[in-house]
Amino acid sequence: MRFNEGADLDTSQVTDQRGMGGRIAAGGGGLGILGLVLYFVISQFGGGGGTALPPGFGDIGQGEQVGSSSLAERCKTGADANREADCRAVAFINSIQSFWTSRLDGYQEAETNFFSGGVQTGGCGSATSATGPFYCPADAEVYIDLTFFQEMESKFGAQGGPFVEGYILAHEYGHHVQNLLGTSRQVGNASGPKSGSVRLELQADCYAGAWANHATTTPTETGEPLITEVTREDIAAALDAASRIGDDYIQKELGGGSVDTTQFTHGSSAQRQKWYTIGYETGDPNRCDTFATDDLG
């Protein structure tokens, strides 16, 4: 995939907190290394879907913010997005939000926070990078440590690639749409293959696929699409990533155990691929109603 080199980027949609320290304070009651790893495996793909992050991470150290001005200076056009990873994330965020602005009446833009190590959210408490990317419904913002993209390859075994990053970000913005529509507030904390939490995650995957369908035709405020090309290989990479964050894959390959469908909260690998594909092939978010069917895949 490639970005339109002459298209402008809007860094106002991102707050870069990577210069704020982000360390767990000593004596803060954190879970510890083992606890963080276990929570990462259990939580799988972030804390989306209206559930506050768990307590026990300790206090995140505060410091002077130094990142956002640098991001604005470096990430000005699609040419910068083609060269630098964090500018690429800005471009994806711009494209995703432009898509939802055109598709959802009353869409309210959500800020994305880049952080490193740990972060203090505006409404979901504190979290570390081990949590993975997540959406906080209480402050309606997305949080991500960009090193997660490398971890998708090194820890999850995904083939990776730029469009995988777009899938991950579009998934989190799918949770934002669910929050705006009130969908996430109707879902409890029950687990299971047909639970509300699974349906919520599969719908967010479908929303991500719908954005991917329109990625090369969605204009930003300047009237130009940011993305000029999405190949079959890009979509295949996104589907590969979806398979690596299914409950069954996580439990068996990363958790080292057997598959227990009663503990499913995000859907199986096959389900996640199915609903991303539905979104991509139809390009219609209205086809993403995972709550109106018993056939989740």
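Close-up 1. Searching the whole structure turns up three disulfides, a disulfide being a pair of cysteine sulfur atoms within 2.5 Å. This is a predicted model, where local features need pLDDT of at least 70, side-chain atom pairs count only at pLDDT 80 or more, and totals for chains, interfaces and linings use all residues. Residues are numbered from 1 along each chain as its sequence is written, and side-chain values use heavy atoms, with hydrogens and water left out. In the disulfide of Cys-75 and Cys-87, the sulfur atoms sit 2.0 Å apart. The torsion about their S-S bond is about -75°, so this disulfide is left-handed. Cys-75 belongs to the loop between helix H2 (68-74) and helix H3 (78-83), and Cys-87 to helix H4 (residues 85-103), so the pair ties together parts that are twelve residues apart in sequence. Helices here are DSSP runs (H or I, at least four residues), numbered from the N terminus.

**Close-up 2. Helix H7 against helix H10.** The axes of H7 (residues 196-214) and H10 (residues 269-282) come within 6 Å and cross at roughly 35°; they are lines fitted to C-alpha atoms over the stretch in contact, with angles from 0 to 180 degrees between N-to-C directions. The crossing is right-handed, as the near helix is turned clockwise from the far one by less than a right angle. Among the residues that meet are Val-198, Leu-202 and Cys-206 in H7 and Trp-275, Tyr-276 and Ile-278 in H10, where contact means heavy atoms within 4.5 Å.

**Close-up 3. The largest cavity.** This cavity has a volume of about 40 Å³, taken as the space filled by probe spheres set on the grid points, joined across faces, edges and corners. On a 1 Å grid over the protein atoms alone, a cavity is a set of points where a 1.4 Å probe fits but cannot get out, and lining residues have an atom within 4 Å of a point. The lining includes Phe-115, Pro-133, Asp-145 and Glu-151.

How values were computed
Helices (H or I, at least four residues) and strands (E, at least two) are DSSP runs, numbered from the N terminus. On a 1 Å grid over the protein atoms alone, a cavity is a set of points where a 1.4 Å probe fits but cannot get out, and a pocket is an open set with protein on both sides within 12 Å along at least five of seven lines; lining residues have an atom within 4 Å of a point.
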